[in-house]
Amino acid sequence: MTVQTVKKLAELVSTPVEKLLTQMKDAGLPQTKEDQDVSDVEKQILLNFLKRQHGEEETGSQKITLQRKKTSTLSSDGKAVNVAVKKKRTYVKRVEADDDLKVQQEESAKRQAEEQARIEAEEAARLAAEKAEAERLEAEKAAKAKAEAEEKARLEAQAKEAEAQKQAELKKEQRSSDTGAKELVDKPKESKTNRKATPPAMDGAKKSAVAPKGKKGAPRQSDSEGKSNRGRNQDPKRHSRIDVTGEEEFGRRKLGRKSKKSNNKQEHGFQKPTAPMIHEVAIPESITVADLAERMAVKGAEVIKVMFKMGAMATINQTIDRDTATLVVEEMGHKVKFIDENAVENDVVDAIDYEGELVARAPVVTVMGHVDHGKTSLLDYIRTTRVAAGESGGITQHIGAYHVETPHGMVSFLDTPGHAAFTAMRARGAQATDIVILVCAADDGVMPQTIEAIQHARAAEVPMVVAITKVDKPSADLERVKNELVAQEVVPEEWGGDVQFVGVSAKSGEGIDELLDAILLQSEVLELTAVPSAPAKGVVVEARLDRGRGSVATLLVQNGTLKQGDIVLAGLNMGRVRALLDENGKTIKGAGPSIPVEILGLDGTPEAGEEFVVVADERKAREVANFRQGKYREVRFARQHSAKLENLFSEMGKDEVRTLNVVLKADVRGSLEALIKSLTDLSNEEVKVNVVSSGVGGITETDATLALASEAVIFGFNVRADSSAKQFIERESVDLRYYSVIYNIIDDVKQALSGMLTPDLREDIVGTAEVRDVFRSPKFGLVAGCMVIEGTVYRNDKIRVLRDNVVIYEGELESLRRFKDAVNDVRQGMECGIGVKNYNDVKVGDKIEVFKTIEVARSL
């Protein structure tokens with residue numbers, strides 16, 4: 001059923017709305033407004049009404065049509081014509097629409113009733129809401145009036161209390177000084193403006209002439225009235241109250257007047273502090289400028305300003321050390337409190353219980369000495385293996401850990417490299433050991449790394465046993481070696497010292513048993529003990545990244561027992577032990593004190609030399625590892641930023657330093673550390689090595705991409721590139737070099753840096769000519785007739801003119817002739833004519849020296 005409004009229907013039939021409403025009213029329809037709906041039935045009713053009004057038939061009427069045929073004959077002039085006339089009559093039976101109209105009216109009435117009910121409900125809801133809002137406003141008004149009354153009562157009580165206190169003070173003052181009260185003068189009330197403008201020395205007559213506040217039209221008092229007022233004010237109590245407390249009463253009256261306004265305007269009770277706030281600032285090992293400013297409750301810009309005044313440039317996010325932060329805090333007037341930033345770490349470590357039954361443990365022995373003096377060969381004989389033959393270049397480049405069961409007892413050995421690049425490895429070996437075997441070749445004597453090993457042993461306060469190797473060689477000289485060691489303050493026992501000297505041979509086995517006896521004797525003197533039942537702790541000997549097994553760390557257990565499944569915290573890394581392997585690669589269940597072992601399961605490769613501990617809670621171990629990583633990152637950033645600031649002005653004005661960028665990947669942490677140290681030591685003021693990236697493990701495509709972006713060379717030390725990295729390197733032509741011996745990579749880098757050095761310019765004198773005569777030429781001017789007395793004179797080379805062996809001119813030749821012909825060179829013993837370009841002061845006896853400038857390559 002289509003429904004339209006009266007307005008739309010009027011527009012449709014082109015009839016004014018008022019006329020249509022009138023027609024609908026006459027037709028008995030209920031519509032009285034233009035926005036009311038009109039149904040199809042109502043439209044039909046309206047149409048029928050209009051048709052009836054205009055005399056038309058209704059389309060809805062029933063019709064009955066009757067036809068009658070009538071035949072007649074017409075005659076004319078004797079002719080007859082039959083005419084048939086058909087008559088048609090229609091009878092209409094009207095269908096009344098009263099029922100439809102009644103139904104429509106009922107529906108319309110129902111709709112009107114519903115609309116009226118809806119309007120009444122909305123009106124009732126609106127009235128209820130207005131009533132609730134009025135009640136709420138009345139409640140708020142009552143609460144506000146109550147609060148105002150309470151505030152007014154409080155102010156009045158305060159005023160009364162203040163008045164009573166002042167009256168008591170006035171009475172006390174009146175009793176103590178009666179004479180002073182008589183001298184006081186009456187001070188009538190003044191307006192606020194006149195009180196400020198009138199000086200204190202103004203007499204009473206002038207003050208009385210000022211109209212009081214609120215009475216601008218009041219006439220001035222006469223002198224008699226002033227005198228009478230002064231007479232009345234001679235009352236001591238009244239006089240004291242007016243003069244002494246006049247200002248206070250005025251302030252109280254002003255406060256009382258403003259208190260009425262304060263009820264409407266809610267003012268906060270904050271007052272600016274009159275004294276500076278002094279904070280106790282907690283400072284850790286390192287802190288950012290923003291955190292320091294926050295702890296002092298000041299803006300970061302204030303801290304930066306103070307640091308600039310102190311001569312230190314800083315940014316808001318820069319990390320500063322504890323000393324700098326202390327100076328800044330004290331400069332800004334606050335107190336310093338040092339806090340231990342490592343509290344989380346210390347709590348975890350201190351919670352480990354190492355108590356238990358002490359038992360004797362095997363000694364940990366480190367073999368140290370100069371390169372190629374037979375350290376690994378000595379251990380090879382003791383272990384009955386062939387380790388030295390498998391080393392690249394015949395030298396040890398990793399720090400190895402072994403434990404050996406001998407007839408004299410178990411001994412754990414650490415084999416350190418002897419190359420100069422592995423200083424840090426040897427230092428770590430000395431720190432993690434109980435006894436140091438100082439190896440010195442009988443045919444070579446004391447060498448630089450031998451002296452360095454002695455220094456490391458003394459720094460670690462570890463006893464030494466000297467093993468003089470290669471005693472089976474004909475060139476062996478034990479006495480010379482002893483004398484050289486005594487010069488280094490290593491005195492043998494037979495000479496009155498405290499160091500055992502043993503001559504050994506790794507080939508024949510001579511002296512091996514005596515060496516083991518000396519080691520065990522020294523360990524008995526040290527009384528080495530440990531607690532096997534405690535959680536394990538020790539030192540990280542080495543770490544590497546294995547392609548199939550992940551991070552592999554070599555640990556030396558110093559106390560306790562390390563078992564599979566333990567949670568290990570080693571430096572910046574942690575993890576659960578998934579597998580334990582001995583030095584031969586065999587799986588074991590546990591490792592006790594003085595046992596070296598490889599573990600799998602750490603989340604990274606820890607730095608060689610880091611201490612490791614076994615903790616009980618994995619969550620706390622991860623928390624400590626994350627804390628150490630964040631601290632390491634902050635320290636590294638602070639160091640880098642400090643270096644940049646320190647070199648900011650020192651580098652200004654200097655020539656640009658040529659840099660060799662290197663991406664370095666090694667098999668183990670110790671070798672990586674030694675390589676970085678050795679390569680960076682090759683740098684000087686003109687060239688330097690910049691290690692863009694370094695890491696343990698194979699060369700990946702990420703390393704190759706970084707090398708391409710930074711124009712770096714990739715060095716692989718005992719590692720190889722994977723397939724994707726190889727394809728990228730071949731496609732982009734990245735320079736990749738593999739090495740297995742450390743001094744080869746050092747030599748190549750040194751050669752590359754030497755090629756980057758600016759060559760030296762050297763002058764090479766190729767010939768000397770002596771001036772025998774001087775004559776003038778119309779074409780060339782002054783020409784010197786010379787005899788070549790040394791070398792060869794070339795026309796295109798530079799010359800110097802020497803007079804009495806002093807250089808008086810340096811320039812070029814303009815012409816070189818022999819007789820009348822121009823020549824390019826004149827050899828020794830021949831005469832020639834030389835024209836010097838732009839120089840006409842050549843004299844007989846001068847020498848003309850011809851020289852060449854040659855570039856000579858430099859080397860590091």
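Reader: Where is the place of Glu527?

Author: Glu527 sits in the loop that links α19 (512–526) to β16 (529–530). Helices (H or I, at least four residues) and strands (E, at least two) are DSSP runs, numbered from the N terminus. Two notes on reading before we go on. This is a predicted model, in which local features need pLDDT of at least 70 and side-chain atom pairs count only at pLDDT 80 or more, while totals for chains, interfaces and linings use all residues. Residues are numbered from 1 along each chain as its sequence is written, and side-chain values use heavy atoms, with hydrogens and water left out.

Reader: What phi does Glu527 have?

Author: Start with the general idea: most residues other than glycine have a negative phi. Here, Glu527 has a positive phi of about 55° although it is not a glycine. Asn805 is another case, with a positive phi of about 60°, and its place is the loop between β32 (798–803) and β33 (806–818).

Reader: Is Asn805 buried or exposed?

Author: The cut-offs come first: buried means under 20% relative accessible area, exposed over 50%, and partly exposed in between (1.4 Å probe, protein chains only). Asn805 has a relative accessible area of 65%, so it is exposed. Glu527 is also at 65% relative accessibility and therefore counts as exposed.

Reader: Now a helix. Which residues of α23 are buried?

Author: In α23 (residues 723–732), Ala725, Phe728 and Ile729 are buried. Their directions from the helix axis fall within an arc of 100°, so these buried residues line one face of the helix; the arc is taken from the axis to the C-beta atoms. On the other side of α23, the exposed residues are Ser723, Gln727, Glu730 and Arg731.

Reader: What do the buried residues of α23 pack against?

Author: Their partners are α22 (701–709), β28 and β29 (736–739). Contact here means heavy atoms within 4.5 Å.

Reader: In what order do the four strands of the open sheet stand?

Author: Pairing is the idea to hold on to: two strands pair if DSSP finds at least two bridges between them. The order is β27-β26-β28-β29, with parallel pairing. β27 and β29 are the edge strands, each pairing on one side only. From one strand to the next, the twist averages 25°. Between β26 and β27, nine bridges join the parallel pair, and Leu660 stands opposite Val689 in β27.

Reader: Which strands does α21 lie across?

Author: α21 lies across β26, β27 and β28, and runs at about 170° to β27. Axes are lines fitted to C-alpha atoms, for helices over the stretch in contact, and angles run from 0 to 180 degrees between N-to-C directions.

Reader: Which members of the largest nonpolar core touch the most other members?

Author: In soluble globular proteins, nonpolar side chains tend to be buried together. A nonpolar core is a set of buried Ala, Val, Leu, Ile, Met, Phe, Trp, Tyr and Cys residues joined through side-chain atoms within 4.5 Å. In the largest one, of 23 residues, the members touching the most others are Leu664, Phe715, Ile745, Val749 and Leu753. Two or more residues each come from β26 (658–666), α21 (669–680), β27 (687–696), β28 (713–717) and α24 (742–756), and α24 gives the largest share, six residues. Another core, of 22 residues, lies apart from it and includes Leu378, Phe413, Val439 and Val504.
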